[in-house]
Amino acid sequence: MAIDKIGSILRPFTALKHIAEKPDTIDVPRHYRPAAERYRGFHVNDMEKCIGCGTCAEICDNDAIRMVPVKGKEAGVGKTPYRPAIDYGRCCWCALCVDVCTTNSLSMTREYTHISPDTNTFFILPDEKGIHEKEFPTGWHADDTINFLDLKRVPMEALSAEERGDSFIEIIKGFSKEQARKEASRCVSCGLCTAACPAHMNIPEYIDAIWNDDLTESGRQMYKTNPLPDVCGRICTHACETACSIGVRGEPISIRWLKRYAMDQIPASQLDTLLTQNVVKQGSQSVAVVGAGPAGLAAAYYLVLMGYRVTVFEKHPKAGGMMRYGMPEYRLPYEAIDKDIDFILSLGVELKTGITVGKDLPLDAVQKDFDVVIMATGFHGGRSTRVPGTDHTMVFQAVDLLARITKGDKFPVEKEIVVIGGGNVAMDIARSLARLQKKQYGEVRLTVTCLETRDIMPADDEEIEEGTEEGIVFKPGRGPEEIIIEDGVITGLKTSRCVRVFNDQKMFAPEFDKNDIEVYKGAQIIEAIGQGPEFDVFAPFTASLEMAGRRIKVDEYFQSSQPWLFVVGDIIKGPNLITGVETGHQAALGVDYYLGKRARDEITRIDEMLGIALAFQKDQVAQLEKAPRLPELAGLLAIEKTNLGIVEALLSGRNTRIHLRQELSRVMRRRDYAYLEALARIPAGPGAVEAVAVRAKAGFHLYTDMLFLTKSKELEFAMDTLRDHYRSLAERFQTM
Amino acid sequence: MAEKELTQRTAWDKVLANLRKRSLWMLHYCTGCGAVELPPTMTSRFDMERFGIMPMVTPRQADILLITGYLSVKTLKRVILIYEQMVAPKYVVGFGSCTINGGMYWNSYTTIKALDRYLPVEMYLAGCMPRPEAIISGFNSLIDKIGKGEANSWKDYYENYEFYKKNQDHVFGDIETHHDVPADGRYFGILEAKR
Amino acid sequence: MNAQTQAPTTSRPPAATGAPRMTEALVSAITAETGIATFRTKSPRRIEGTVQADALHSFAAALRSRVGFEHLSAISCVDWIAEGEFELVYHFWSYRDSHLVSARVRIPREPGSMATITDLWLPASFFERDIHEFYGVVFQGNTDLERYILSDWKGPPPMRKDFSSRDFAHEHFTFKDYEPTWDELIDGGYHGQKRQGEGSDE
Amino acid sequence: MSSIITANDGRDIMPGANAPENREYNMFIGPNHPGIEGNFALKLVVEGDTIVRAKTEAGFLHRGFEKLMEERLFIQNIAIVARICVPDPDPNEENYARAIETIANIEVPRRAQFIRVLVLELSRIGSHLFTFGGHAGTIGLYTLPNWSISDRDRVLELFEELTGGRVYHIYNMPGGVRRDLPSGFKQRVLDVMSYIEERLPEYDDIFFNNKILLNRAQGIGVLPKDKALEWGATGPDLRGAGFAHDVRKDDPYEVYGELEFEVPTGEASDAYSRLMVRRREIEQSISIVRQVLDKMPEGPVWNKQPNPLKWRVPAGDAYVRTESSKGEYAYYMVSDGGIRPYRVHVRGASVTHGVHILEHMLTGARIEDASQIMFSMDACPPEVDR
């Protein structure tokens, strides 16, 4: 580059040409320069749209988001009172929380200036107005083409209408391994499902276990709160899926089918490995359970684990109640029922079938032989519409027919049938008879009519759609007037239009438009308008039992006014399967408190759980101090003292305080950790090494349970550290 | 000339404060990653010299010590040496989240988590890192505070020096900064002269 | 304190030159020249293989002088704590053939020592010192191994898997505990009332 | 031999001051020094004004990135990765994303690859303008920093518009980029490119052809050509010595293979030739940006990955290299099939330029050139410390 000497000295002065121009200085702060449209500024959160699922706290890499309970935000199905509080002493404005937000309630504004000597003003609870309550335009916000969540479900293969038209083979084929893991990967473990599930099942844990392909851990998590996972995997009313946070913007996780996938892979022989509670030896006290439905069996399962002698009385030839006799096989195959029930019976529950309490065996006789009686007789009495003609022989109750189908008894199936009712039971009987019609006559001529209009029919939508595919004609919004009988044979059902089902006070008071009459042809009428309890079962005590409306008055543990009598299942709460399981579990606890004379031991908050961990760690230190100076135990005492320090720091640490008061979304009990106190009594003498190994395994199970309780990284990190310590300790002594 | 009681603001103090607030010199030391927003603030694009703030190379003549983001333990030792070499009144301005509660390096083994345990901080700016506009607004509010005589966090260093020294020793083990801080305190009239 | 740097006049063997070769020809050239046959093509312009620890120095010298890899891009160290081994991965780049060779070497975690290759490449001195500081691996023959980045660090080599940065941060530093200005919005206040059970509420 | 320390009559005012063992003294530059790029220190043994021995000292900016990355999920690391090198953050983000894509062989949509090249070149332009400012500052020519850093701010405004952040963009993700180009963005980029293109001749007038710079920079900080490759020089420092090696050409990634651009080189391998290589690289980068903008296809910008809270990258490892404004910037990532990276080794470009090569080049240089040599090598301390 030939640079002439003079030029290179003078040329810098060419810069003087800029003297006349305006300087390009941005005259901040007089002239405010707005940030770009997509700027990642301070957070704003739509408090109403936010459901407090905590996924933003989960994704935040700086643990800058802490979920705090906000006054005026009540918990509900799919909602918690917690809202994200953001710590601008940690936040790096990366907007991962905005992109992962399940409801798109969190977004960022274009505001970027916050100056203060007081660091407390950097910890904000974002609401719609923003940090300084100045209306700044929205900056970075969620983009529907690019978001982290998989909003679409993995499609589930099912039998086509033709294939299932005349067969009772199970419709839903179930997930393959890849499908199940892909579906499980969609879960953000927010825990709303656990709160919504009547039995509070550990759903995030078992879905995470399916994702990690550890199916025994998945089964173990299920059996903690539900002894009938196979059945629930097929016919549960899945309140969890309605609460699922992914369902807000997309399709919820198919939690029920995942449960089924996990249990299908675990053979019946391995079910005993899933028990986490230790099976206590059988004591002297005995409990009678009347009715082997889901509620009765659940109560029996938990009671036998607590060491009570349990006898179950069942009037049908086989156990299962409505599961077997009220559910068609295409929805719930009998092998699934038997797999769950046989395992419960294998734990030592004595089953007596063919005995109807209240008829063959009066209740007072039962009361004398057993310390406690649990009534789980369910809703078997079908209610009738009592319109003229219902006394005709060709008018049946849906529940009776379903039971006959299961037992294989013969009964007439006409060419044309009319079913009255709009609930799931009506769907079951309608689709079962449609199959029998197809098999017998090669075609389906069946009409279903009910009071409710299509949109408020209580049956599941899939049921109604699948029924229509199978040739069933639906006539919603009609009231039955009269069954037309011409010379002894039913020819049809006269109906009128149903204007309204419920009156203003939401009481059941249907009104009809008499002059809009339609007649549906049919030689057979099935009534499926609801089932009711049969109170004659309580025969000698019916009068002395306090009633609450049409149901027996019970406390939260379903103990009736007679202390020895507990009432569970559909007759008290429901009617559905998972509520039955929950009432059975609660009643088992009630019995244990009543017979065992023990105080209630529910754990409602995380700091009570930490209290158990603290006691466990103190025992560890005490035991090791007494243990002999063995080479294998060298250094263990120091480690256990640091673990004790970790738990003490969490309990007294002000930073974790807010999380310690968080309500648990699932039911934990001190009884579930009773085995920890037993550990303290293991002698520290010659068997010290084995004792340490046993305690290490106990510690691992304790912290595994606690790991999923919270969104706070402080607690999660401490639980993870402690769990890893006890896993390696247990592996070192090979007792896992 | 030892400053007399600073609480009652004599006319001379007001004049002094007004002169001081228009000629703040900022120490040219980029302690952390936030310093990359300083060149645009210093040069013509945002030009903080409009407010009399200029980068100064030596701590001896600097008024503002910017802690621009995280502080690794190694840098903290130098920052404390520098802070004690600066002439009072001096103002520490903390940039970004890392000076408040650890920022993104909250679980790092080398960075300190809260600046106010080691140095008295006059003011924090939110941001990761704060924009030049935010920095200039921060300086403006600092200028107002100095004008009103409220920017006295620097006295805190002398008044509770044990608190700061204890925390510093906790991080380094006893460091020797060859600086007699209590003597400085007496010189600046914060601590009463030794009898 | 007088600083001691590498004598600038170390003479290092020149790298081989010649026409660029395609991947297969390069792999066979490496096998032929260095006598180690474990090298395969992993992906376009990436060749990888394993070398015994004691054979690494001769392999590297041959690779440089006879095959023509004159740029040492990096030496990485991976702590496979489950297998009780460090894995040192040497990345050599050939400007001539535009290919990267990654040679993996496994050494036991204890005592964790390895021969140096600073006599072949100057950049090795930084990488080896870095691995020494962060993993505790001792490189025999490297004279400049004293602490450089972690000069004020008194703890164990921090990059080893058995050192947890979170534990250290929680023990040695105190975090900010906020008194939020919106405390009344929270059900029971941010710090809540005195809880029953253990833990003081100072 | 009279020297300033002896009186006129030859008496020794400071006995022993002239003794040979006292001729050398220690001189520390930094970490608090305007001539140092960032938080870095030089410990020099000096005799008179010539540096006899030099040792760099880093570690002031060490935050343990590689350790922090092992304790974060894959998606969480895209936020922390950009913070490793402050003037030129984008090669980090692109490296990290591409390392995961190589291990899990995730296919990146073409439009996202074009956007990534656009972001990398804009980051290169911004980083070079930043270095011009620093280099001019060490020589005292303060007009240029005011120009180049304020022109760089226009590039940052483009980034703010595209990614939502001025300096830290957190824009690249495994599988593509987080958002598409905003409307009207192409035209604004072309305007800024043509604006910078007009400014370059003005830079030449006041700085690149300035007599002061020629005297101060030519022949200073010579990287010996025969040693350049052996010492591991890469990027502009290597090209200043005449070697036309550039990772974008030798080991093409994203869509660099389809773009035409030359690799400028210098011959004298001194501070001035390295500076001129950077100066001409900006022109090449401007032409690349123009090519990228008109060849950019329509289509998606992100290949959707599973739910980040549970996403696992299959076991494997990958060594990915990019050409940052400072040289070869490489990541070695190992995954053990878990939800967190098992190991991420960051090979910054300055680990060779800013440490041993700098120590060699400072030996024998004069004190006043120490800062300029460091800036001419464009050593970025956070890359060294990580």
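Ser116(A) stands opposite Tyr124(B), a residue of strand S5 of chain B, in a model that is predicted.

**Where the chains meet**

- Between chain A and chain B, 24 residues of chain A are in contact with 26 residues of chain B, and the side of chain A that touches chain B is made up of twelve nonpolar, seven polar and five charged residues.
- Between chain C and chain D, 34 residues of chain C are in contact with 37 residues of chain D.
- On the side of chain C that touches chain D, at least two residues each are supplied by strand S3 (71–80), strand S4 (85–94), strand S5 (99–108), helix H3 (123–135) and helix H4 (165–172) of chain C, and the largest share, six residues, comes from S3(C).
- Sorted by class, that side of chain C has 18 nonpolar, twelve polar and four charged residues.

**The domains of chain A**

- The domain assignment divides chain A into domain 1 (35–148), domain 2 (172–274), domain 3 (286–378 + 537–596), domain 4 (382–532) and domain 5 (602–732).
- Domain 2 and domain 5 of chain A have C-alpha centres that lie 28 Å apart, and their contact takes seven residues from domain 2 and four residues from domain 5.
- On the domain 2 side of this contact, the elements that give two or more residues are helix H6 (192–196) and helix H7 (203–211) of chain A, and the residues of that side divide into two nonpolar, four polar and one charged.

**A covered strand in chain A**

- Is strand S2 (residues 65–69) of chain A mostly covered or mostly open? Strand S2 of chain A is mostly covered, since five of its five residues are buried.
- Ile65(A), Met67(A) and Pro69(A) lie on one side of S2(A), with Arg66(A) and Val68(A) on the other, and both faces are covered.
- S2(A) pairs with strand S3 (residues 82–87) of chain A in the antiparallel sense over five bridges, and within this pair Met67(A) stands opposite Pro84(A).

**The sheet S9-S8-S7-S10-S23 of chain A**

- Strands of a sheet pair through backbone hydrogen bonds, and they do this in either a parallel or an antiparallel way.
- Chain A has an open sheet of five strands in the order S9-S8-S7-S10-S23, with parallel pairing.
- Strand S9 (350–353) and strand S23 (565–567) of chain A stand at the edges, and because each has a single partner strand, one side of each is left without a neighbour in the sheet.
- Neighbouring strands of this sheet are turned by 20° against each other on average, with direction ignored.
- Strand S8 (residues 309–314) of chain A pairs with S9(A) in the parallel sense over four bridges, and Phe313(A) has Lys352(A) in S9(A) as its bridge partner.
- Helix H13 (residues 294–305) of chain A packs on this sheet, where it touches strand S7 (286–290), S8 and strand S10 (372–375) of chain A, and its direction makes about 165° with that of S8(A).

**The sheet S12-S19-S13-S14-S15 of chain A**

- Another open sheet of five strands in chain A has the order S12-S19-S13-S14-S15, with parallel pairing.
- Its edge strands are strand S12 (395–397) and strand S15 (473–476) of chain A, each of which pairs on one side only, and the twist from one strand to the next averages 20°.
- Strand S13 (residues 417–420) and strand S14 (residues 446–450) of chain A pair in the parallel sense over four bridges, with Val418(A) opposite Thr447(A) in S14(A).
- Helix H17 (residues 398–407) of chain A lies across S12 and strand S19 (524–527) of chain A and runs at about 75° to S12(A).
- Helix H18 (residues 424–441) of chain A lies across S13, S14 and S19 of chain A and runs at about 170° to S14(A).

**Ile84 of chain D**

- Ile84(D) is placed in the loop between helix H2 (77–81) and helix H3 (90–103) of chain D.
- Why does Ile84(D) count as buried? Ile84(D) counts as buried because it has 27 C-beta neighbours inside 10 Å, where 20 or more are required.
- Leaving aside residues up to four places away in sequence, Ile84(D) touches Phe65(D), Asn92(D), Val346(D), Pro382(D), Glu383(D) and Arg386(D).
- The C-alpha atoms of Ile84(D) and Arg63(D) are separated by 9.2 Å, and these two residues are 21 residues apart along the chain.

Conventions: Residues numbered from 1 in each chain as written. Chains lettered and ligands numbered in written order. Predicted model: local features only at pLDDT ≥ 70, side-chain atom pairs only at ≥ 80, totals over all residues. Contact = placed C-beta atoms within 7 Å. Nonpolar A, V, L, I, M, F, W, Y, C, P; charged D, E, K, R; others polar. Pairing = 2+ DSSP bridges. Axes fitted to C-alpha atoms, helices over the stretch in contact; angles between N-to-C directions. Buried ≥ 20, exposed ≤ 12 C-beta atoms within 10 Å, placed from the backbone. Domains from an automatic or database assignment.
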